[in-house]
Amino acid sequence: VHEATLGVAVADRTSTWHEQEVKDLGTGLAGRRMEAQKQGHTFATLLKAHGFMSIQARERWSTTEDVHVRPGHFWVAQAGDVLNVRKITKRETIGGQPFHPNEYCITIGRYFDRDPADPSGLTFEEWLPELVFCATDKGEKLTISASGHIKVGRQVREVFWGVGQPPPLAAVPIVSVTDEWVRYGHGRNDRFRNPRVAGAFVVNSSELRGVNFSMEVLDPLPVQPRSSGRRAAVIGAPLPKRFRMHQKVDDEQRARCW
């Protein structure tokens, strides 16, 4: 189906990606792996507030990746979505991954996958996790702190507001919930966009293959919140971010993968 849609003939498709398919540049596969991992630890110390980072993919996350999988397959995260960077001082397991001393644990809230609709594989689209609120929350008391933390009844929920955080609320009943809106009062503007959970992914610095590079923005400008004299302005939720990577940047990241 992908081949018919994208116009990529079987003969033109690259072979299925395996880590063993990388070229031996004189150090052997084990040597290449050690070099890449060491460089990844250095990259972790160079992260800046803006730009992107590439992470070598250990495995495919979806069959939609198949059309773009080839040696040096990687995914992308934006520096602004990094939640935490911590240097490891003793051996431990975090999020099911083993970490050793002098490695860095990088926690990110969002990542970008290659858009399967782009035959070049250079378009990346932001992954969006599940919504925070559902229809069964109707009637529950909602509290939102000034820092954006959410409590529904007695349940605390993780959230990623982005640019659309509503004003603080204290034990206000939820009137209705849809995939788009959460209503909590009887006024026309007593509502906000249904946000998504704060998905967190743990990355070992040994998997970093590049940092601080830029990509072309493909999205329209984010929707700005509409001001209002009422206690709750309507908040506009931006669409998933989309970026396009330059071919040279893509080649550089792949070349560092083992």
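**View 1. Lining of the second largest pocket.** Sixteen residues line the second largest pocket, with Arg33, Gln37, Arg58, Ser206 and Glu207 nearest its centre. A pocket here is an open set of points, on a 1 Å grid over the protein atoms alone, with protein on both sides within 12 Å along at least five of seven lines; lining residues have an atom within 4 Å of a point. The model is predicted: local features need pLDDT of at least 70 and side-chain atom pairs pLDDT 80 or more, while totals for chains, interfaces and linings use all residues. Residues are numbered from 1 along each chain as its sequence is written, and side-chain values use heavy atoms, without hydrogens and water. The volume of the second largest pocket is about 320 Å³, taken as the space filled by probe spheres set on the points. Helix 2 (28-44) and strand 5 (97-99) each contribute at least two lining residues; helix 2 gives the largest share, three residues. Helices (H or I, at least four residues) and strands (E, at least two) are DSSP runs numbered from the N terminus. By residue class, the lining holds three nonpolar, seven polar and six charged residues. Charged means Asp, Glu, Lys and Arg; Ala, Val, Leu, Ile, Met, Phe, Trp, Tyr, Cys and Pro count as nonpolar, and the others, Gly among them, as polar.

**View 2. The aromatic pair Phe52 and Phe112.** Rings of Phe, Tyr and Trp (its six-membered ring) pair if their centres lie within 6.5 Å; planes under 30 degrees apart are stacked, over 60 edge-to-face and the rest tilted. The count by this rule is 11 aromatic pairs. The ring centres of Phe52 and Phe112 are 6.0 Å apart and the planes meet at 75°, so this pair is edge-to-face. Phe52 belongs to strand 1 (residues 52-56) and Phe112 to strand 7 (residues 112-114), so the pair ties together parts 60 residues apart in sequence. Both Phe52 and Phe112 are buried; buried means under 20% relative accessible area, exposed over 50%, and partly exposed in between (1.4 Å probe, protein chains only). Ring pairs also link Phe52, Phe112, Phe213 and Phe243 into a cluster.

**View 3. The aromatic pair Trp75 and Tyr111.** This pair is edge-to-face, with 5.5 Å centre to centre and 75° between the planes. Trp75 is in strand 2 (residues 74-78) and Tyr111 in the loop between strand 6 (104-108) and strand 7, 36 residues apart. Trp75 is buried at 9% relative accessibility, and Tyr111 is buried at 6%.

**View 4. Arginines over aromatic rings.** A charge sits over a ring if NZ of Lys or CZ of Arg is within 6 Å of the ring centre and within 35 degrees of the ring normal. The charged end of Arg114 sits over the ring of Phe74, 4.5 Å from the ring centre. Arg191 lies over the face of Trp181, 3.7 Å from the ring centre.

**View 5. A polar contact of Gln78.** Gln78 lies in strand 2 and is buried, at 16% relative accessible area. Its side chain makes a polar contact with the side chain of Lys241 at 3.4 Å. Such a contact is a pair of N or O atoms within 3.5 Å; within protein, one must be able to donate a hydrogen and the other to accept it, and residues adjacent in sequence count only if both atoms are side-chain atoms.

**View 6. Positive phi at Ala171.** Most residues other than glycine have a negative phi. Ala171, in strand 12 (residues 169-173), has a positive phi of about 50°. Ala171 is partly exposed at 44% relative accessibility.

Notes. On a 1 Å grid over the protein atoms alone, a cavity is a set of points where a 1.4 Å probe fits but cannot get out, and a pocket is an open set with protein on both sides within 12 Å along at least five of seven lines; lining residues have an atom within 4 Å of a point.
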